[in-house]
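Take a look at the model below. Two parts of it will be walked through in turn.

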Amino acid sequence: MLYSPIQPMHIPDNFLSITVSLICWAITIITLGVAISRTNKSLGERQVPLMGVMAAFIFAAQMINFPVLGGTSGHLLGGVLAAIALGPWAGMLVMTAVIAVQGLLFQDGGLIVMGANILNMGLLTCAVGYGLYRSVIGSNRTVKLAVIGVAAWLSVMAGALSTALQIWLSGNAQLQVIVPAMLFFHAFIGFGEALITVAAVLFIIRTRPDLLGEGTESAQGGRGWILTGVLLTLIVVLLSPFASTNPDGLNRVATDLGFIQSAQTASGPLAGYTVPFLESVSASKIVAGVIGIIVVLAIVFITGRSMQNKRGLNTQSNNIQATRPPIENRKP
Amino acid sequence: MHSDAFDRYHHHDSALHRLDPRIKVVVAIAFILSNALLPDGAWMAFGLAWLFLILANALSDLGLGYTFRRSFIALPFALVAITVLFSVPGKPLSQFHFMMWDFTVTDAGLLRFISIVIRSWLSVQMAILLVAVTRFPDLIHAFEHLRVPAILTTIIAFLYRYLFVLTDEVMRLLRARQSRSAAAAGQRSGGGVLWRARVAGNMSGQLFLRSYERSDRIYNAMLARGYDGQLLTLNPHELHARDWAYALAAFLFILATQFVGWF
Amino acid sequence: MPITHPIHKMVFPESEGDVLKVRDLHFSYPDGHVALRGISLNLCSGDKVALVGPNGAGKSTLMLHLNGILEGRGEIELRGLRLSRNNLPVIRSMVGLVFQNPDDQLFSPTVFEDVAFGPLHMGLPEADVRARVTSALEAVRMSAFKDRLSHHLSVGEKKRIAIATVLSMNPSVLVLDEPSAGLDPRARRSLINLLRELPITMLVSTHDMRLVQELFPRTVVMDDGQIVADGLTRDILEDEELLTAHGLEKP
């Protein structure tokens with residue numbers, strides 16, 4: 001079947017502990033609350049059908065797949081595209097609707113864990129993606145597209161890392177297994193996401209540059225987003241290799257907070273449990289290394305851009321209705 | 001492709017179909033939550049939960065095995081939980097070697113794994129049943145009544161309405177791509193990954209623009225019928241004594257399950 | 001310069017019974033494209049008028065002006081009420097605008113919700129809303145479809161429901177954009193019968209010249225943002241020079 005592609009990030013019910021599920025719901029609800037009040041304030045009334053149809057678009061676009069390697073296929077997840085096209089808050093609401101329908105109607109992701117799914121696949125992807133995009137919004141096309149690609153890849157990695165951490169905090173997997181496993185797997189998914197997002201954005205820029213240009217909702221995001229994006233990126237970059245290779249510290253924190261039973265005290269039974277590939281081949285290190293290089297480049301670049309951009313800041317117009325011509329004039 | 005492929009609703013006129021959607025939503029969530037709260041290895045309680053599910057199936061006229069058959073689609077997900085086997089501290093049961101890894105299955109891990117699979121299985125069946133006996137628009141209304149912000153329910157309503165229209169468009173795009181993915185004799189069809197991604201990206205961009213322009217037309221259609229930024233809906237559902245009775249019975253059953261599970 | 005045919009222009013002068021009056025309407029899109037160059041048009045109560053012309057003539061743009069979705073220079077009056085920003089809600093309930101693509105018009109998950117959308121936003125009480133939904137669905141012979149999901153309807157059914165969504169607002173004039181586009185012969189026939197039966201003033205933009213011939217006593221020809229002819233359908237359909245000049249064909 002072609003509907004709602006099965007995505008490993010959609011956590012089913014009962015894979016997270018109640019505590020973790022509820023904490024994720026709390027974070028999600030608070031963020032969505034902000035998103036709703038922001039969109040109510042800043043978006044015109046025409047934004048309601050726009051967000052609705054865009055949610056259907058993301059849902060449908062996830063069906064457009066392309067063969068990658070031996071039977072696997074890549075497709076869009078859409079968080080970054082939604083955030084770039086609609087602005088971060090509206091993008092989050094749109095992604096929330098998509099994930100809610102996938103969970104409710106297609107049992108693709110559970111209900112109690114829906115808060116976590118929204119957080120991982122909707123909120124984080126939009127925040128990372130938009131944050132990085134926002135930092136290069138005034139740059140030329142090539143730079144923009146490159147950063148969008150990196151942002152799309154990182155958004156998937158951020159979601160995967162957050163999923164891995166939630167599963168670990170629920171006591172259902174070991175940190176040094178789940179983090180590299182999720183990241184390794186999603187490095188490929190993220191690659192597909194990056195390619196397809198960049199190609200889609202390029203297509204939009206070529207056909208309707210006005211939709212992504214100045215004066216659109218997505219150009220209005222505050223500079224706080226840059227900080228958010230860079231911070232989240234840093235967390236992904238620093239935490240991933242740390243969690244994979246040096247899990248004791250995080251384990252202690254989680255044990256102290258009461259999330260998991262201490263693995264150390266049960267040293268006897270677990271003594272035989274080793275995951276040698278982490279020490280020898282170390283896919284996680286390769287992944288981490290790749291992330292590291294890309295991110296360092298990105299950060300250097302972003303810092304440079306935002307310094308350059310400071311001059312152009314106040315040229316943004318704030319009325320989307322006036323600057324975006326209605327569609328009827330597109331008719332010949 | 002026909003839109004029915006997406007519809008999970010099965011039209012019948014059963015007691016469960018007629019039940020107020022709010023009650024159905026709340027009971028389904030309570031049931032799933034209750035499963036999550038049960039301790040590992042509460043076999044009696046799991047059995048009771050399954051009985052609850054069978055009773056609900058019986059009330060739905062869909063046949064006792066309806067959700068059971070459907071649930072197999074979702075079951076492979078449960079295998080993701082296999083890591084649990086080796087992660088929970090406990091008495092080692094068996095140890096085996098796979099490629100270069102050593103795995104130790106612990107008793108607590110096995111218990112947790114089986115419990116998780118059963119819980120997920122139960123929960124997925126309830127979710128399947130919920131959408132099989134409730135029309136999706138009614139579900140959206142139920143969430144509206146349950147204080148989900150209107151902006152979200154509205155987006156979801158639009159998503160549901162245009163899901164069918166846009167997936168049809170995707171199908172047409174995919175078919176157009178297929179029809180042109182030809183190869184000259186002796187040549188390999190298609191370019192590299194980048195090229196394929198580019199094609200898929202262009203299709204997504206195309207779909208994006210069409211959707212964007214459609215949303216403009218929809219907005220005009222809404223304006224033409226008096227929309228002024230405020231979305232109004234009629235309150236189509238009333239709770240009757242019958243609804244409350246079902247709700248009460250369901251909650252007592254779920255409470256009993258919890259009781260059996262813990263004591 | 002567009003070719004104009006003064007002989008046909010303004011055969012129908014203003015009168016007291018006019019439901020709709022448009023005077024010297026101009027409009028340019030923000031990108032500079034001039035879409036309307038001085039449109040004047042009157043619709044008498046009970047008139048059924050066809051609006052024909054090539055793509056890009058400005059037909060849809062004109063229709064979007066009639067209920068104030070687009071705002072141009074010029075005057076529009078409905079039943080003596082001049083369109084302005086203040087009375088937009090009233091005007092919108094008087095002009096029933098049905099868009100070409102019923103998938104754009106039917107944006108609610110269920111038929112009932114869609115037909116109720118207009119009356120609800122007019123601020124009517126619930127009982128009135130329900131009564132209007134019932135009578136609007138009766139008028140288009142779709143009473144049995146009230147609880148259906150919109151995406152389960154056929155194109156012909158969608159078109160009928162789309163008309164019901166504006167009939168439920170009791171409009172003074174019905175404005176339809178390409179009602180017969182995309183219909184199979186049977187659905188088209190049943191739509192034509194429906195339009196003939198509806199006792200309401202209507203302005204219908206179409207490329208379907210057989211529909212024009214069959215249904216509308218009066219035809220308005222638009223090209224390049226102007227009305228180039230306005231007269232009795234049989235006269236206009238006889239004028240082959242006019243038809244050819246504006247890319248139209250005799251049925």
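What follows describes a sheet in chain C, then a helix pair in chain A.

This is a predicted model, in which local features need pLDDT of at least 70 and side-chain atom pairs count only at pLDDT 80 or more, while totals for chains, interfaces and linings use all residues. Residues are numbered from 1 along each chain as its sequence is written, chains are lettered from A and ligands numbered from 1 in the order in which they are written, and side-chain values use heavy atoms, with hydrogens and water left out.

Start with chain C. Its open sheet has 6 strands in the order β6-β7-β8-β3-β9-β10, with mixed pairing. Helices (H or I, at least four residues) and strands (E, at least two) are DSSP runs, numbered from the N terminus. Strands pair if DSSP finds at least two bridges between them. β6 (95-98) and β10 (226-232) of chain C each have a single partner strand, so one side of each lacks a neighbour in the sheet. The twist averages 15 degrees from one strand to the next. Angles run from 0 to 180 degrees between N-to-C directions, and axes are lines fitted to C-alpha atoms, for helices over the stretch in contact.

Within the sheet, β7 (residues 173-177) and β8 (residues 201-205) of chain C pair in the parallel sense over 5 bridges. Leu176(C) stands opposite Val204(C) in β8(C). Helix α6 (residues 155-167) of chain C packs on the sheet and touches β6 and β7 of chain C. Contact means heavy atoms within 4.5 Å.

Now turn to chain A. Helices α3 (residues 79-86) and α7 (residues 175-207) of chain A pack at about 25 degrees, their axes 9 Å apart. The contact involves Gly79(A), Val80(A) and Leu81(A) of α3(A) and, among others, Glu193(A) and Ile204(A) of α7(A).
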